[in-house]
Amino acid sequence: MKAIVLQENWEFRLEDLEIPQPEAYQIQVKIIASGFNPIDYQMTEDRSERKLLRSSILGREFSGIVSKIGQKVTNFKVGDPVFCGSGSMGSNGTYAEYICIPQEIAIHKPATISFEQAAAIPSSGLTALQCFNRMNANLYDSILIMGAAGGVGSMLVKILTANGYKNIVVTAGNENSITSLLNLGVKAENIINYRKEEIYKTALSLNENKNFDFVVDLVGDSTAEIGARLLKTNGVYVDVTNLSTPESSGILFSKGATILNISNYVYGFEKRYDYYKNGLNQLRLLLQNKIIAPPAIKIVGNLEISTVTKAHTLLRENKTQGEKLIMQIAII
């Protein structure tokens, strides 16, 4: 199979490799589309995410068609369309033509969405769903989402609005991102353009000059400090980035905040596969019943090094404009 492999010098190379073969409880999938995530480029940099690198083939989510099954597989047959958040649980990453995964973490693709849309769902969808479930917010709690136009933010907004939450303030940085949030049903007056408005003062004014019950941080670094200041005493701070600063940590400690560190990876390390199966099934039902819509996507290119470098650059420079970036591995 062809795969894009990360070299020891942290450059990419397109290589021909052996097709992985499924173990007894695994399925082999011919990958149709692969999703890009910020952790992909972060793994190539000197960040804490590098320790999560398990394969020299990057990529953590995909959609495709079952091409072979292990001897004890009962939930799938050859030809089934599936999607999956494979994380580090697969034989390799998803910048490749094939992957083998435990049958327990895959889910059948709804007929109502394309393979490209399906590949955009697992990572952001599972992360957003975990945020929603662990927040356990009341309908009238105030919620500030920093960086809401990205994959996780957009999915979280969809889940919140589908469940009747209305007191939501969000930040975005360009007109395309703002338009995408408006299309999700966020009121124009509740969107802060951080390139034109001062987040702290504007957010307070939109919340009746009160600090927020919940702050969801999808940006980190200096933005984390603003979010920490905007949280109320004993409020809940939802950290999806692991990019807090000493300043933000100090503010949150002084406020007695509850900090929810959001991570899908721990469940894979502990082989708690039901987390992935149950979460993806919830998302499948929401999509199938059209309670939420699939993410807006942008197909960056095919299985080529230029596709990966372009996608990583767009993610690094925060230029996705509210679209999920997808690599098309095969065409059916």
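Begin with helices α6 and α7, whose crossing is right-handed; a crossing is right-handed if the near helix is turned clockwise from the far one by less than a right angle, and left-handed if anticlockwise. This is a predicted model, in which local features need pLDDT of at least 70 and side-chain atom pairs count only at pLDDT 80 or more, while totals for chains, interfaces and linings use all residues. Residues are numbered from 1 along each chain as its sequence is written, and side-chain values use heavy atoms, with hydrogens and water left out.

Select residues 199-206 for α6; its axis and that of α7 come within 10 Å and cross at roughly 30°. Axes are lines fitted to C-alpha atoms, for helices over the stretch in contact, with angles from 0 to 180 degrees between N-to-C directions. The two helices α6 and α7 are therefore roughly parallel, a term for angles under 35 degrees. Helices (H or I, at least four residues) and strands (E, at least two) are DSSP runs, numbered from the N terminus.

Next, display the side chains at this contact: I199, Y200, A203 and L204 of α6 meet I226, R229 and L230 of α7, where contact means heavy atoms within 4.5 Å. By class, the α6 contact with α7 has six nonpolar, no polar and one charged residues. Ala, Val, Leu, Ile, Met, Phe, Trp, Tyr, Cys and Pro count as nonpolar, Asp, Glu, Lys and Arg as charged, and the others, Gly among them, as polar.

Now select α7 (222-230) together with α8 (246-254): they pack at about 10°, with axes 8 Å apart. That angle makes α7 roughly parallel to α8. In α7, A224, E225, A228 and R229 meet E247, S248, I251 and L252 of α8. This contact of α7 with α8 has four nonpolar, one polar and three charged residues.

Move to L218, in the loop between β11 (212-217) and α7. Which residue lies 70 residues from L218 along the chain, with C-alpha atoms separated by 7.3 Å? That residue is A148. Not counting residues up to four places away in sequence, L218 touches I145, M146, G147, V152, G153, V240 and T241.

Finally, select S154, S180, P295, A296 and G322, which lie nearest the centre of the second largest pocket among its 19 lining residues. Helices α4 (151-162) and α5 (175-183) each give two or more residues to this lining. By class, the lining has six nonpolar, ten polar and three charged residues.

Methods
Angles under 35 degrees count as roughly parallel, over 145 as roughly antiparallel, 65 to 115 as roughly perpendicular and the rest as oblique. On a 1 Å grid over the protein atoms alone, a cavity is a set of points where a 1.4 Å probe fits but cannot get out, and a pocket is an open set with protein on both sides within 12 Å along at least five of seven lines; lining residues have an atom within 4 Å of a point.
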